[in-house]
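Subject: Structure for you to look at

Hello,

Here is the structure I said I would pass on. Please open it beside this email and follow along.

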Amino acid sequence: MLSVITHTRHTNLAWLKKCEESVAAALPDGAVHKILPAYDDWAKKRLDAVYDNEFIAFVDDDDWIDPNSLKLCLDAITSTNVGIAFTNEVSVRADESIIQRHNYSREYTFVRILPRTIHHLSVIRSSAVDPRCLELHNKFGVGIDWFIRASAALVHDAIHVPMDGYYWRTYPESTTSKTHQHYCKSMDEMCYAIEDTWGFRNGSIPIYQ
C-alpha cells in the first residue's frame, strides 16, 4: 500500500543510517522502505518512484521523520480520499540543532506560489500525480517535487496533519541550497505554469482531526 522512497548518492552514510532508522520506526504494517541510488536523472527517478505503489512518501537521505508521521498521514489520506496528506516540517542544521519550526498558511492559493506550502512529510496518492510534472521540470530545470505535490493537491485535494512530521537538514552543500538561485530566477514562471496546467483554486486546506 505505501512505499517510502529514499533517493541517495551515498555521500553521508551516518545521515543515511539515521534516515533508515527513523523510517523503520515509523513504517505502518505492510509498508516498505526502498533506498534507491540516484546519481543522475534525478527528476525522472523521482517521478518513476511515485508510481511504485498506491501511496508514496519521500524521505531524503539527509533527513529524518517523526515515528507517528507516516501512520497519521496514511490514515488522513485514506479516510478523506484526497490526493495528498502532509505534515509540518522542522528545518535543522547539519548538527541537528533546530533552525525553525515551520507552519505556513495552508491555503490552496499558496500551493502554486510557495513550494513549502505542501512539502515534508507528504504521503501522496500515486494516481493523483500528473505525469506532466516531468515536462515542467525539464522546462525549468528544477521543481519536480513541487510539481508532484501541486498536481496531486490542486486536482485531487489535500489534507493537513498538524504535527512536526519531518526534520529537514539544510546546509550549504544540500541540493536545496545549490538550486535556490535557480528557483528564485524561475519562480514566477513556474507559478504560472502550475496554474496553466492544473488550474487556480483558493480556500483553506482542511486540517485532519
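Predicted model: local features only at pLDDT ≥ 70, side-chain atom pairs only at ≥ 80, totals over all residues.

Residues are numbered from 1 along each chain as its sequence is written, and side-chain values use heavy atoms, with hydrogens and water left out.

Helices (H or I, at least four residues) and strands (E, at least two) are DSSP runs, numbered from the N terminus. Buried means under 20% relative accessible area and exposed over 50%, with partly exposed in between (1.4 Å probe, protein chains only). Contact means heavy atoms within 4.5 Å.

Helix α5

Helix α5 covers residues 132-140, and its buried residues are Cys133, Leu134, Leu136, His137 and Phe140. Down the axis of α5 these fall within an arc of 160°, so they line one face of the helix; the arc is that of the directions from the helix axis to the C-beta atoms. Glu135, Asn138 and Lys139 are exposed on the face turned away from the buried side. After α5 comes Gly141, with a positive phi near 85°.

α5 with α6

The two helices pack at an angle of about 145°, with axes 9 Å apart. Axes are lines fitted to C-alpha atoms, for helices over the stretch in contact, and angles run from 0 to 180 degrees between N-to-C directions. On the α5 side the contact is made by Cys133, Leu134, Leu136, His137 and Phe140, and on the α6 side by Ile144, Phe147, Ile148 and Ser151.

α2 with α6

In α2, Ala43, Arg46, Leu47, Ala49 and Val50 are buried. They too fall within an arc of 160° seen down the axis of α2, so they line one face of that helix. The buried residues of α2 pack against β1 (2-8), β3 (55-58), α5 and α6.

The axes of α2 (residues 42-50) and α6 (residues 144-156) come within 10 Å and cross at roughly 30°. That makes α2 roughly parallel to α6, a term for angles under 35 degrees. Trp42, Ala43, Arg46, Leu47 and Val50 of α2 make the contact with Ile144, Asp145 and Ile148 of α6.

Ser91

Where is Ser91 placed? Ser91 is in strand β5 (residues 84-92), and counts as buried because its relative accessibility is 5%. Leaving aside neighbours within four places in sequence, the contacts of Ser91 include Ile98, His102, Arg116 and Trp168.

Regards

Notes:
Parallel < 35°, antiparallel > 145°, perpendicular 65-115°, else oblique.
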